[in-house]
Amino acid sequence: MNSYRKLVSSKGSAKVDSDENDLESGIERLLDQLQQEFHRLRSSLRAKQEHASLLDDFREFDRTRLDLEEGADSSDQALLREHATINRSTGQVDTVISQAQATLGTLVFQRSTFGGINSKLTNVSSRLPTVNHILSSIKRKKSMDTIILSLVASVCTFLIFIYWLTK
């Protein structure tokens, strides 16, 4: 917020065009900072919710153990306990499914973020030939490393196979 106020207060001291560009870049930086803070707080909230959920599950387990130790001989009581256990298990399965869906949402978001980074790198590499040359060198090195690693793995597999046949 302070950077936004500084930009607004400095607006009268410079040219209008440069001020608008400074204001836009300041707003973009502020937006980036707020988005990072939001993501950090959201992940912290999720972690605290998972922690609370684990504590609730433990308390339910402890209550079930006490119920079993009391040991009512009635078959009705046994059926009620079994029904309660099934309900708790269903609730836990629902919790796991919701956590998996939240994880899927996070992974989809990360995929879109990485896709955006890839498109930005492509844009920069097309504008700056030196960066394009560096990126192509990195790709060549990576493919060469992959080829060397696969050859080493193939030779090792072949030698193990020969050793196994001679034994």
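Glu24 has its place in helix α2, which covers residues 16-70; helices here are DSSP runs of H or I with at least four residues, strands are runs of E with at least two, and both are numbered from the N terminus. Colleagues, please note that this is a predicted model, in which local features need pLDDT of at least 70 and side-chain atom pairs count only at pLDDT 80 or more, while totals for chains, interfaces and linings use all residues. Residues are numbered from 1 along each chain as its sequence is written, and side-chain values use heavy atoms, with hydrogens and water left out.

Let me stay with Glu24. Its relative accessibility is 47%, and Glu24 therefore counts as partly exposed. On this scale, buried means under 20% relative accessible area, exposed means over 50%, and partly exposed lies in between, with a 1.4 Å probe and protein chains only. A patch takes residues with over 30% relative accessible area and no salt bridge; like charges are joined within 9 Å, and nonpolar side chains (Val, Leu, Ile, Met, Phe, Trp, Tyr) within 5 Å.

I turn to the chain as a whole. The protein chain has 4 helices and 0 strands, in the order α-α-α-α along the sequence. How much of the chain is buried? Of its 167 residues, 4% are buried. The accessible surface comes to about 14,500 Å², and carbon and sulfur atoms hold 63% of that; areas come from the Shrake-Rupley method with a 1.4 Å probe, and for residues only the protein chains shown count as cover.

Next, the salt bridges. Side chains of opposite charge can pair when their charged atoms come close. The search of the whole structure gives 2 salt bridges, each defined as a side-chain nitrogen of Lys or Arg within 4 Å of a carboxyl oxygen of Asp or Glu. In helix α2, Arg40 and Glu37 lie 3 residues apart, about one turn of the helix, and their closest N and O atoms are 2.5 Å apart. Arg40 is partly exposed, with a relative accessible area of 47%, and Glu37 is also partly exposed, at 36%.

The second pair is Lys141 and Asp145, with closest N and O atoms 3.7 Å apart. Both residues lie in helix α4, 4 residues apart, about one turn of the helix. Lys141 is exposed because its relative accessible area is 52%, whereas Asp145, at 38%, is partly exposed.

Helix α4 also carries Ile148, which is partly exposed at 46% relative accessibility. Together with Met144, Ile147, Leu151 and Val152, Ile148 makes a nonpolar surface patch of about 470 Å².

Which residues form the aromatic pair? There is 1 such pair in the structure, made by Phe161 and Trp164; the pair is tilted, at 6.2 Å centre to centre and 35° between the planes. Rings of Phe, Tyr and Trp (its six-membered ring) pair if their centres lie within 6.5 Å; planes under 30 degrees apart count as stacked, over 60 as edge-to-face and the rest as tilted. Phe161 and Trp164 are 3 residues apart in helix α4 (residues 129-166), about one turn of the helix. Phe161 is partly exposed at 45% relative accessibility, and Trp164 is exposed at 61%.

Finally, Gln92 is found in helix α3, residues 75-127, and is partly exposed at 34% relative accessibility.
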